4 protein chains.
Amino acid sequence: MREAILLIQTADRKGLLAAISTFFSSRSFNILQCRQYTDLREGRYFMRIRLDLSDMEITRKQLEEEFGGFAATLGLEYSIYYGEDKPKVALLVSKTSHCLYDLLAHVREGDLGCEIPLIISNHPDLEHVADMFRVPFFCFPVEPGHKAEQEEQVIELLDRHHIDLVVLARYMQVLSDRFIEHYPSRIINIHHAFLPAFQGGNPYLRAWERGVKMIGATAHYATAELDEGPIIEQDVERITHESDPDELKRIGKDIERRVLTRAVRAHLEHRVIISGRRTIVFSR
Amino acid sequence: MREAILLIQTADRKGLLAAISTFFSSRSFNILQCRQYTDLREGRYFMRIRLDLSDMEITRKQLEEEFGGFAATLGLEYSIYYGEDKPKVALLVSKTSHCLYDLLAHVREGDLGCEIPLIISNHPDLEHVADMFRVPFFCFPVEPGHKAEQEEQVIELLDRHHIDLVVLARYMQVLSDRFIEHYPSRIINIHHAFLPAFQGGNPYLRAWERGVKMIGATAHYATAELDEGPIIEQDVERITHESDPDELKRIGKDIERRVLTRAVRAHLEHRVIISGRRTIVFSR
Amino acid sequence: MREAILLIQTADRKGLLAAISTFFSSRSFNILQCRQYTDLREGRYFMRIRLDLSDMEITRKQLEEEFGGFAATLGLEYSIYYGEDKPKVALLVSKTSHCLYDLLAHVREGDLGCEIPLIISNHPDLEHVADMFRVPFFCFPVEPGHKAEQEEQVIELLDRHHIDLVVLARYMQVLSDRFIEHYPSRIINIHHAFLPAFQGGNPYLRAWERGVKMIGATAHYATAELDEGPIIEQDVERITHESDPDELKRIGKDIERRVLTRAVRAHLEHRVIISGRRTIVFSR
Amino acid sequence: MREAILLIQTADRKGLLAAISTFFSSRSFNILQCRQYTDLREGRYFMRIRLDLSDMEITRKQLEEEFGGFAATLGLEYSIYYGEDKPKVALLVSKTSHCLYDLLAHVREGDLGCEIPLIISNHPDLEHVADMFRVPFFCFPVEPGHKAEQEEQVIELLDRHHIDLVVLARYMQVLSDRFIEHYPSRIINIHHAFLPAFQGGNPYLRAWERGVKMIGATAHYATAELDEGPIIEQDVERITHESDPDELKRIGKDIERRVLTRAVRAHLEHRVIISGRRTIVFSR
């Protein structure tokens, strides 16, 4: 089925739903799904619309021009995506493979609608996993004092492949502001703790030392401030005093896996709007 | 804030959202929240709208007449509720008090928007709980061979008090079809198992014998078929081989409590539409 | 059934289990349950034993003397509790009643084995709840500049009633070090966040601002450092972008309720041993 | 670290713990971990002991003879496993790959201590996954009327490879009694529902039709009665009215994955004892 997805936000006021839905119904579009959310504290209105384009004669360009004109009159910020466009996703990894396997297996099974044109690492360790799934693997080690050059190489490669989304699947390098600003709202990171608890390094050891009774993982957009970006998805699992730091790490791997994959799915399905430090994640 | 809530359902087709939202915006209503759901398998469209009536001059009667006329042209089934109306809820109990305490405490704390004009039981055991919360308590024992009379007494009392919702908070009597049909879609029951597992009696013992690793509870609308009514809410908790039937019962009480209270809240907030054997439960 | 519960800890070494279990079996005790945990990182051994005393002629004094002598030879730290002793628990509250209701209802239903000889508050607001459950209520307001005196009054009352456990059921006063040291490992607090996230005040608002996708609550022993004491129990619930701070507070109340009640139960059942900043919580 | 694991069961009586732990301590064994469980309803005693063999001179044969003699005097049923023995696991699959990927990735990452000498299927579809992980793949289609022969081929292959555990990772064939009895308590199946709800075929569609609010998966030992074997692990996830059967299937795949992997891990770590229709699953 051909479909378009619109993500819209604007200042909240009366009549937005009627105005926008009438724009589409008066042109005989079928609205497959429409979700709205009003942030009363901030006075912002957010909307996600899925349109059926199956029997429509309209071209993308026409749709974008017509809707663009309409949006301008209402002061809507928006973006339009098309169901048949498969986003291109680059995976950045270091040495641990659990998130990598899970993402690649989900893509293979058709449960994540994207292409993975390349996997990039600062270590050669996971080349064999890339090979198994027949995905090109690029290794750019970070030499001391040459981090900026390494990032340039990565950026150049990502740009050349028209990458839509960068997923840090346990990539153990802090990205520079320049890198992050190059892909605004297009880098998803997995942090192996329930943020804002245990920001920074070694969260499982610190969780053990603190004696928490649950551990978690957090997928968030990368921003200039480390571990402070808008959160997309979190999950936790119950532990006991018997779970030593190694066991926490093992349990944590399973949480990280599913949290990152869910967050990537939400982004790829165009269900996420960023609003300051928060995300609106529309349900499917 | 004065507000109205509309629950709407109709056959699915193009343009419903625009038509309905335009009905309200053209009359200068502010839509506080609008949720829709299309059941593609059944071709049904469901909608919940919250309208701000604060600054509106319109009377209830005018709103109902105008919307009624509009709804007739589109073939909408609907009901209208008003935020300032507090539904009247009757609690039916037998001997166990955990759900009763939880519901009464939530009402006291202002977390369940309803009045409890009376508590009815087939046993005298829980009179003291009703007394604590200063709610009138009526005891109608079920004498062998006189169940129909007992039900008549209960119905008469419920009707006299204009009860909007009957909550079976561990009422250990099977209701007759006549009773159930008297309150269509207005009786909520809690079953102490994760339906459809362990329908019928003694679910905790049977769960222990079967060796399940989680137990649950289910809140559903009562229908003529026992434990087969549309499910509103379910939850589970993890158990181990060490949890004997008594421990299951104790854990189960905490699950039942929260499942029933959540289901009652969803109903009282007019977030539930019944569709055949299923419920649409809109999020808050 | 008469039973004794022993909580034991000592430096880890070979043969402890055999030595201790033989102590009991050679005296014909029936061990109902025995749990052990070795903290390999700290080299500590922890044990909980439930003994059946039903058919034993031995007095408490004899048991304590005999086991005391044996423990001295092995260098065991231990404490002995008896099933028929009902611990005395004082509840300290301020203005919110949800934890108070839940604890009192659980005691009433026989699901928390303790007595509640009194409820103490710094505000008069919850007197009516204490009255409902017929528990003596004492109100000691905190006058500016006279906090130490207020604490003295509370301590004097707690001591006079031989209180075994103090439960801060949303008591909104920071306790002095003197107070805390007066009841070492005998004060349980509920913090309305998933510690160590959102320590300190206003956690629900801060959780909303940070845009987390789950909120939680934490029950811990009170120590001199605020919100830093050993954690007994935690739990979380999933939220969405639609949950505003008021809704977080409402959801949070249900989490706080069950987390505090579970923690109090674990303590009352003598299942908790404190080890530095961590707790060993043996399962039932 | 060289270690031995003993799983023991016997009729419950006084003194078992002391007798058994003294057997080991008198021979200078270090008990790394000891767990016991008494099923009071059935009067059975269950135990799992992990012994440190690192510095012990004793051979396996000596240990087995000595403990065997001791066990005979007490009437213990037991089995002994050794940490350095890697169990051999055969995976049986049909057409869906999600459980297969998850198991193979966990083995690769060192989080499942076993060897996978072969994958067997009744369809050729998943050969490519086996190839990716370089595991031999055998395809035995089931021709109508020739199921017994197909099973013979499978059994012959399993026996030739000295398979310790057969995992039905979504193998869509009902096994004959003969097959099941050939591997008593050594076949683990994943059922895509929260048993005993939705036994038999098409559980996700039936769950949708029944309108449940959570779906689950169950890993259990295969027995002659379909979907009735002792349960090892279960888990669930919350769904809404919007989750159509396809979405349930997708969510369900993630539950099945983790439930089956956890159950296989528990078995491989010798943490499971079967007792009638129930399992004792000792925690790690």
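This report walks through a predicted model, from the overall build of one chain to the way copies pair up and then to a few single residues.

## Chain A as a whole

Let's start with the build of chain A, which has eight helices and 13 strands. Its C-alpha atoms fill a box of roughly 60 × 40 × 35 Å along the principal axes. How does the radius of gyration of chain A sit with that of a compact globule? For 284 residues the globule rule gives a value near 19 Å, and chain A comes in at 21 Å, which agrees.

Buried residues account for 59% of the 284 residues in chain A. The contacts reach well along the sequence too: take those between residues at least 6 apart, and 66% of them join residues at least 24 apart.

## Surface and charge

Chain A shows an accessible surface of about 11200 Å², with 50% of that belonging to carbon and sulfur atoms. On the charge side, there are 36 positive and 43 negative side chains in chain A. The centres of these two sets lie 4 Å apart.

## How the copies pair up

Now for chains A and D. Chain A can be laid on chain D by a turn of 180° and a shift of 0.0 Å along the axis, again with an RMSD of 0.0 Å. Here the residue of chain A that comes closest to the rotation axis is Met132(A), at 2.5 Å for its C-alpha. With 100% of the interface residues of chain A also being interface residues in chain D, this pair meets through the same surface as well.

Phe179(D) belongs to helix α6 of chain D, which covers residues 177–182. Is Phe179(D) buried or exposed? Its relative accessibility is 1%, so Phe179(D) counts as buried. Neighbours within four places in sequence aside, Phe179(D) is in contact with Leu92(D), Glu151(D), Val154(D), Ile155(D), Leu158(D) and Ile187(D). For a sense of distance, Gly276(D) is 97 residues away along the chain, and the C-alpha atoms of Phe179(D) and Gly276(D) are separated by 20 Å.

Over in chain B, Ile155(B) sits in helix α5, residues 147–160. Ile155(B) is buried, because its relative accessible area of 3% falls under 20%. Not counting residues up to four places away in sequence, Ile155(B) touches Arg178(B), Phe179(B), His182(B) and Tyr183(B). Val281(B) is 126 residues from Ile155(B) along the chain, with 28 Å between their C-alpha atoms.

## Ser275(C)

The last stop is in chain C, where Ser275(C) lies in strand β12, residues 272–275. What does its accessibility say about Ser275(C)? At 19% relative accessibility, Ser275(C) counts as buried, since the cut-off is under 20%. Once neighbours within four places in sequence are left out, Ser275(C) is in contact with Phe46(C) and Ile280(C).

Conventions: Residues are numbered from 1 along each chain as its sequence is written. Chains are lettered from A and ligands numbered from 1 in the order in which they are written. This is a predicted model: local features need pLDDT of at least 70, side-chain atom pairs count only at pLDDT 80 or more; totals for chains, interfaces and linings use all residues. Side-chain values use heavy atoms; hydrogens and water are left out. Helices (H or I, at least four residues) and strands (E, at least two) are DSSP runs, numbered from the N terminus. Buried means under 20% relative accessible area, exposed over 50%, partly exposed in between (1.4 Å probe, protein chains only). Contact means heavy atoms within 4.5 Å. The radius of gyration is taken over C-alpha atoms; the globule rule is 2.2 Å times the number of residues to the power 0.38. Accessible areas come from the Shrake-Rupley method with a 1.4 Å probe; for residues, only the protein chains shown count as cover. Lys and Arg count as positive and Asp and Glu as negative; His and the chain ends are not counted. The place of a charge is taken as NZ of Lys, CZ of Arg, CG of Asp or CD of Glu. Copies are superposed by least squares on the C-alpha atoms of residues with pLDDT of at least 70 in both.
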